Amino acid sequence: MPSNSPSPAGGPRDAADTPHGPTRPRDPSAAPRAATAHPAEPVQVSASSPERADLIDPKPSPALRDRAPAASPEPTPRGYRAVFAVREFRAVFAAHLLSLLGVVVSELALTVLVYDLTGSPLLSALTFALGFLPYLVGGTLFAGVADRYPARRVLVTCDLICAGCVAVMVLPGTPVGGLLALRCLVASVSPVFTGTRMAALTDILGEGDLYVLGRSLLRIVSQSALLIGFGVGGVLLAALSARGAITITVGTFLCSAALLRFGTRDRPARTGGDRGGALLKESLAGARVVLADRRIRALMLLFWVPALFVVAPEALAAPYADEIGLGPAALGLLMCAMPVGHIAAELYAGAVLAPRIRSRIVLPVAAAGLLPLLLYGLRPGMVLTLVALALAGVGAAYIIGLDQWFVDAVPEELRGRAMTLLTAGLMTVQGIGMALAGLAAEFLPVHRVVAGSGVIGVVCTLLLVREVSGTARSTVPADGSRTEVRDGADQHMTSG
C-alpha cells in the first residue's frame, strides 16, 4: 500500500532521473551565458584549421572525408516513456502495483473469511464497506502527517502498518470484531499514504506535465487492479483458504515498503521537519485553510461531485442485471465496462493530447461526463448498457488536466494535507453515492435511479463548472517549462 525510499540525500543523481537525459545542464541558462560571455571578442578561426577547410574547400582532404561524423544525440523520451525514465518513479510505480494487489486481494479474502466465520451477509457486506468509511476520518485527522514528516518515512511506515494488520488478521484466534477493527485501521492509513505519495510525486517528477502523466499512470494501475485483482483473488481463494490468501498480501505490503525505502530518495519534511504541537490541531487547521480557498475548494469539488453520481450504475449492477434478465457472466461485463473506458481515455489523453489540449477539455468533458447515464432511462439491453458505461468511463478523462490545475493552485507547504484531504473526500463520496443509490433503488426501478443520478449529476456538475470558471487563474504553463525534475537539494518536501 504505502511506501517510498531514496538514495542518500545530496548524493549524485542517476542520469535517468533527468527526463531530458544525462547531458542536460543543471542550469539551463549555462549554455547561453557561455556563448555570450565575451560578445566583443569574435571567434578566430584559422584558414588552415580543419574546421575552416571544411567550410571553404569543396574537395576536402581524405583525412577529413574519412573523419567519422559526430554521433547524433539520443532522442528525448516523451509522454509516458519520459515518466518511466525517472528511476524513482519506477520504484513508486512497482510499489503501487504490489500494494494495490495486496489491498484488493485482502479485501476479497477478508470478506469471505468473515462470512465463513459468521454466516452473516450483513457482516460480510460491512467488511467490504469499511474500506470506504474510515477514509474521511483518517484523511481529516491525520492529514498533517503528510507535511510534518519526511515522505519516505511516512510511506514506508504506512506499508509496515498495513502488513502488520494483515498479519494479525491471519492468526486463527483473531475474533470477528478484531478483524473489522483491523480493516478500519488499514482504511484509515490509506488516505495518508495516498496523499503523501501524490505530494511526493511533485518532487520526483516536478510540478508540470511529468507529474500529470505520473498521476495518470498510477490511476490506470488502480483501475486495472479492480479488473485484475478480483480475478487474482478469486484464483487464490479457489486454491487456498481465505487466511492463506490474506497471508500472501503480507508479502506484497513488505515488498512495497522495501521498494520505497531503497528505491526513492530521502527528502526533508515540507513544514521543516519533525515539530512539536498537536498533530490533530495541525491537520484540522490545514483542512480549514485548504477549504477556505475558493479556487482550491472548487477544484476539489470538481473531483468529488461527478464521482458521487457515477458510481450508481456500478453499485446497482447486480440488481440491474436481474431487472433486464442477464446472467452472472453479463454482470462481470457490466462491472468491467466503466474501468475499461476510463483506462482507454486516460491512455489516449496522456499519450496523444498536448498539455494545453488536456487543460482545455477539463470543463467541457467534466460537464458531459455523466450524460451517458441518461441512456438508462430507456431501460437498455446488454449492448447499449455496456456502451453507456464505457462512455461514462471515458468521461473521467477530464481528471488528467484537473490534476495540473490542482497542483498549481495548492501552496507547497500545504500540498501533502491537500492531497490527503482530496483522497479521503473522493473515497468518502463514492461510498455515500453507492449507499444513496442503493437506498433509492428500494423505492424506484433501478434504471430510473441510474438515469436520475445522471440528471442530477449533470446539473450539479454544470453549476460547479461555472464556479471553477469564475475562479480561473493561470494553471498549466503552455510551454511546459515546469516539467523538469527538481533537485532535492532546493526542496523542502517529502519523497515519493
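Helix α12 (residues 242–263) has 22 residues and spans 32 Å from first C-alpha to last, close to the 32 Å expected at 1.5 Å a residue. That expected span is 1.5 Å times one less than the number of residues. Helices are DSSP runs of H or I, at least four residues, numbered from the N terminus. This is a predicted model: local features need pLDDT of at least 70, side-chain atom pairs count only at pLDDT 80 or more, and totals for chains, interfaces and linings use all residues. Residues are numbered from 1 along each chain as its sequence is written, and side-chain values use heavy atoms, without hydrogens and water.

The buried residues of α12 include Ile246, Val250 and Phe253. Buried means under 20% relative accessible area (1.4 Å probe, protein chains only).

Now the salt bridges. The structure holds eight, each a side-chain nitrogen of Lys or Arg within 4 Å of a carboxyl oxygen of Asp or Glu. Arg219 pairs with Asp403 at 2.6 Å, N to O. Arg219 lies in helix α11 and Asp403 in helix α21, so the bridge ties together parts 184 residues apart in sequence. Both Arg219 and Asp403 are buried. Shared partners join Arg215, Arg219, Glu346 and Asp403 into one salt-bridge network.

Note on methods. Helices (H or I, at least four residues) and strands (E, at least two) are DSSP runs, numbered from the N terminus. Buried means under 20% relative accessible area, exposed over 50%, partly exposed in between (1.4 Å probe, protein chains only).
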